[in-house]
Structure formats: structure tokens, C-alpha cells
Amino acid sequence: MPDTITKLAYQAFQQGKSYFGLAHKTVSTQVMQTVSPPRHLQTSPMDLKVLQMLQQRMSALLETDWQDAEAGVYPKELLFDNPWDDFFRFYPLVCLDLPKIWDRLNKRDYQTFADDIDTTGYPQYYLQNFHHQTDGYLSDMSANLYDLQVEILFNGTADPMRRRVLAPLKQGLAEAGFGAGAKVLDVACGTGRTLSMLRDALPKASLYGVDLSPTYLRKANENLMAKPGVLPQLIQANGENLPFVDDYFEGAVSVFLFHELPPAARQNVINEMYRVVKPGGTVVLCDSIQRLDSPEFEVAMENFPQMFHEPYYRHYTTDDLNQRLSDAGFEAVSNQVHFMSKYWVCRKPAAV
Ligand SMILES: C[S@@+](CC[C@H](N)C(=O)[O-])C[C@H]1O[C@@H](n2cnc3c(N)ncnc32)[C@H](O)[C@@H]1O
């Protein structure tokens, strides 16, 4: 397909996802206001100027996504990757789950798990119904619905935001002279979407993913098995205590984890990423924007933890992760912001 047509197709694909996300949220909010009006929500409306800025940032994100594919950071097919089977199987269940979510929101009931879920052994901060999700991160159903829920939340931009870790990671690996067979770790890999992108962008790399959730790892395994390529190694572990020897990986990433950690755990994960990465290795973190760099989206950052149960988010938005990375020993810490996401790129100093 000629490039202009491919680009138009990509824009149309993203536009479709964006309209779908907006339509879902508009309809579900109206139904919620009618059948289960929220008693405690104190969100503020966003003014038109902020909405326009968000729209511009979203367009810029998609343009960067296209440019990186054009530059060969990853194949263009990745731009169209979408779990269609899951969409048709699980979208009805996403809708059916909404009344339970509204009920939890109204009852401020944030730590409820089905009786058959064993919650022993997890850190206390993790035992939450993050985003009011049924069973938090601890059931197969939660793992099946998660990707769709995130796509709806971000109007179809979750994957373009995840893909922004690929260019700085590849650049860091190349600059350090690490070969195509580098070992790369994804901390809190969830259902494996970033690992799948890493596999497409670095087809010869040895990939590893850790996550605390056994059910999300099972889903990651299912997702990664469904496509060609070497299967990444998936290990159930706490990012605060990684089960790897020192200096093992040439690179490591983590996507959308840090806003779900209390402050001390954020530092512990960063320290562990430093420990397991080789001298000269690159680490790239991706998470939400922060008040520090995006004060213009203050209202969105205020509303988010109210609408979606996110107990550590407010502190996260003011947490200086550059300082945390430097404290751990990383150097050359730099930042990028794309739409609603922020990135930290850094390097473990080369051995003396
Ligand atoms: C918001 S999800 C992000 C998942 C995935 N990276 C993505 O891009 O969708 C947060 C993930 O972090 C995992 N998680 C939370 N705390 C963790 C910890 N201390 N160690 C390892 N994984 C953790 C959860 O199980 C969940 O899969």
C-alpha cells in the first residue's frame, strides 16, 4: 500500500477508536447518572481550551507514532494491531460489569475480591480494585477486560503511548553498542502489549516480563502465543524485588506502573531496575503526565483518581522521578511528554 494511503488508513483507524471510546463513555455516564447517580464524585468540567489542547496533543502523538514507524523503529503493521477477537468476546462483558463498578464507586468499596481469590503474599498496597475493576488485578475476567477498558479510557491511544518507549530504548541500546540479541525486561508487563511491541521492534532480543498478577501473566502468555515470534519469559514477581542477578539486562522498560505504587515502592522498583540493568544499559519508564510538567491539564489530573480508584495517583503527579532515578544511580535522565503520558529515559553509568 502506498504510504499516503497507509497513513490515511492509520488515521481513520485511530479516529474510529477515538469515537468509540468517546461514545462508550458518553452513553455509560448517562446511564450511570440515571440508574446509579454517583454520590461522592466531585469532578470539575474541563473548559473548551483544555479540550482543544488535549485534541492537539493527541494528534501530535499519532503523528509521532506514524513518524517512528516510517523511520523503521517498528513495522507499520504494528500501527494496526488490535485484539479484535477480545473486542468482540469481551466488550459485552465490559458493559455488563459497569453496574458493579458504579456500586463500588458509590459504596467506596475499593478492596473487594471474589471469595475464591487468594490474596495472601501480595503487598497491601496492591490489594485494591484499581479503576474500580472487579477483583482488582487478580482474576481472569479482570485480565480479559483490562485492555479494552484502557483503550476506552484513552480513546484508543493506549498503544501509541506505549510505543513511545521503543525509540529511546532502541537508541540507548544502539549507542551502548549492545547487539540485536540484547536482553530486555518489562516490569509490570500486564497483559503483554508492550512485550508484543518490543518483540516486533527488536525481533532478535530476549524478552522478559514480570508482573504480580498471575492472571494477567496468563493473559500475556495467551496474547503473545497468538502471534509469531519467540515467547518472552514471563515470571510472577514484585518489581520491588526482581528475581534476576545484578547487571543482567541491556535494557528495561515499565509502562503505566508508577502511578499505582506508593512513594517508597516507586523508589524500590527504580533501585531494582538499576540493579538488574548492565552498566551502559538503558531504562525507559512511561506513565501519566504530572503536575510538574503539564499544569495545563491539572483538572484532568484532579478528576482521574476520583472517577477511577487510583489511591496513589495524586502523590504520583507531584513525585520527582528524575530525582528518584538519579538517587538510584542513573545518569543522563531526560523526559518526554506525549499526549497524556510522560517518559523518563536514563542510563546506568558505564563500568569504570
Ligand atoms: C496499569 S497496569 C499496566 C500494565 C501494562 N504495563 C500496560 O501497559 O497495560 C499495572 C500493572 O502493574 C502490575 N503491578 C502493580 N504493582 C506491581 C508490583 N509491585 N510489581 C509487579 N507488578 C505490579 C499490575 O499487576 C498490573 O498488571
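The shell around the ligand draws at least three residues from each of domain 1 (3-43 + 76-153) and domain 2 (158-347), the domain bounds being those of an automatic or database domain assignment. The structure is a predicted model, in which local features need pLDDT of at least 70 and side-chain atom pairs count only at pLDDT 80 or more, whereas totals for chains, interfaces and linings use all residues. Residues are numbered from 1 along each chain as its sequence is written.

Around the ligand there are 21 residues, of which Ala188, Gly190, Ser213, Gly239 and Val255 come nearest; a residue is near a molecule or strand if its C-beta atom, placed from the backbone, lies within 6 Å of it. Two or more residues of this shell are given by helix 7 (193-201) and by strand 2 (206-211), where helices (H or I, at least four residues) and strands (E, at least two) are DSSP runs numbered from the N terminus. By class, the shell holds 11 nonpolar, 5 polar and 5 charged residues, with Ala, Val, Leu, Ile, Met, Phe, Trp, Tyr, Cys and Pro counted as nonpolar, Asp, Glu, Lys and Arg as charged, and the others, Gly among them, as polar.

The centres of domain 1 and domain 2, taken over C-alpha atoms, are separated by 21 Å. Their contact takes 26 residues from domain 1 and 25 residues from domain 2, two residues being in contact if their C-beta atoms, placed from the backbone, lie within 7 Å. On the side of domain 1 that touches domain 2, 13 residues are nonpolar, 9 polar and 4 charged.

An open sheet of mixed pairing is formed by 7 strands in the order 3-2-1-4-5-7-6, and two strands are said to pair if DSSP finds at least two bridges between them. Strand 3 (233-236) and strand 6 (331-338) are the edge strands, each pairing on one side only. Strand 1 (residues 183-187) and strand 2 run parallel and are joined by 5 bridges; the bridge partner of Lys183 in strand 2 is Ser206.

Helix 8 (residues 214-225) lies across strand 2 and strand 3, and runs at about 170 degrees to strand 3; axes are lines fitted to C-alpha atoms, for helices over the stretch in contact, and angles run from 0 to 180 degrees between N-to-C directions. Helix 9 (residues 263-276) also packs on the sheet, where it touches strand 1, strand 4 (249-255) and strand 5 (277-288), and its direction makes about 150 degrees with that of strand 5.
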